[in-house]
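User: I'd like to go through this protein with you. Can I put it up and start asking?
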Amino acid sequence: DEALRLFERGDYDAAEATLQPLAQLQGPQGAKALAWSGHARFFKGHETEAGELYRRALAEDPSLWGAWFQLGTTAFSHGQHEEAVEAFEHATRLIPELHKHPLAGLFSADPKRAQAQAQLYLGLSQRGLEQWEAAEASLARAIELNPLDPLPYGVLGDLLMKVGRSSEAAARYEAALSNVTDEQGIRSLRNDLGVALFQAGDLERAGVAFRAVVRDHPDGANGVHSLG
């Protein structure tokens, strides 16, 4: 509890010092303390050191969702897609326990939102390896877990267009517009819908979509150009 309080204050040095005696223990409690020490290093910007602590923790207890997730995000940010896929595959097989956890604030303490983020990053990493079918399945699962997030819709639609399935991409964007409430996300999705419909040869509906973009953002050059 003391370490968590220090995390919430952003005092990561003190949090790690508090965890140090526990990190010397064997078994799940020591592994958890190692993983939390990794979070402290990660939040201080020491990704390599954090990764080492995460791996040590997972060698003791492979059920630590947060350690797998953070290993995956670090690998993804460095373009190491194979390592990221491995980490996120582990994360997606686990149910995150965010009660009293340093990462809880990243996901509003919502386990489904956390699971959706792991699926999203898994799909992005699989896309980086051109594993199209696996990426499609992961992104669809991310949408299922958190239908309000516009990002996986956009990534999935882009992937479908990349492999020549523009009509399916348009259907995904239309589904997104029925669920997403974020205004910036809606504007982006409307433009993506127009592009997908245009590529699918449905010029009339593409025009409707682009008119909606121009109506909502009349100063935006992309919408005006696309409609033109």
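User: Which residues does T74 touch, not counting residues up to four places away in sequence?
Analyst: T74 touches F42 and E47 on that count, where contact means heavy atoms within 4.5 Å. Keep in mind that this is a predicted model, in which local features need pLDDT of at least 70 and side-chain atom pairs count only at pLDDT 80 or more, while totals for chains, interfaces and linings use all residues. Residues are numbered from 1 along each chain as its sequence is written, and side-chain values use heavy atoms, with hydrogens and water left out.

User: Where does T74 lie, and is T74 buried or exposed?
Analyst: T74 lies in helix α5. T74 is buried, with a relative accessible area of 15%. Buried means under 20% relative accessible area, exposed over 50%, and partly exposed in between, with a 1.4 Å probe and protein chains only.

User: What does the side chain of T74 have a polar atom 2.9 Å from?
Analyst: That is the backbone oxygen of Q70. A polar contact here is a pair of N or O atoms within 3.5 Å; within protein, one must be able to donate a hydrogen and the other to accept it, and residues adjacent in sequence count only if both atoms are side-chain atoms.

User: Back up a bit. How many helices and strands does the protein have?
Analyst: The protein has 13 helices and zero strands. Both are DSSP runs numbered from the N terminus: helices are H or I with at least four residues, strands are E with at least two.

User: What about the overall dimensions, and what share of the residues is buried?
Analyst: The C-alpha trace spans about 65 × 35 × 25 Å along its principal axes. Of the 228 residues, 44% count as buried.

User: Which residues touch the most other members of the largest nonpolar core?
Analyst: L64, W65 and F107 do, in a core of 37 residues. Helices α1 (2-9), α2 (12-23), α3 (28-43), α4 (47-60), α5 (65-77), α6 (81-92) and α7 each give two or more residues to this core. A nonpolar core is a set of buried Ala, Val, Leu, Ile, Met, Phe, Trp, Tyr and Cys residues joined through side-chain atoms within 4.5 Å.

User: What does L64 touch, leaving out residues up to four places away in sequence?
Analyst: A31, K32, A35, A57, L58 and L94. There is also a second, separate core of 25 residues, which includes Y153, M161, Y173 and L197.

User: Now S125. Which helix is that in, and why does S125 count as buried?
Analyst: S125 is in helix α7, residues 111-128. S125 counts as buried because its relative accessible area is 0%.

User: Which residues does S125 touch, and which backbone oxygen does its side chain reach?
Analyst: Not counting residues up to four places away in sequence, S125 touches F76, H81, A84, V85 and F88. The side chain of S125 reaches the backbone oxygen of Y121 at 2.8 Å.

User: And T92, what are its accessibility and its helix?
Analyst: T92 is found in helix α6. T92 counts as partly exposed, at 24% relative accessibility.

User: What does T92 touch, with residues up to four places away in sequence not counted?
Analyst: A118, Q119 and L122. The side chain of T92 also has a polar atom 3.0 Å from the backbone oxygen of E89.

User: How far apart are the C-alpha atoms of T92 and R215?
Analyst: They are separated by 40 Å, with the two residues 123 apart along the chain.
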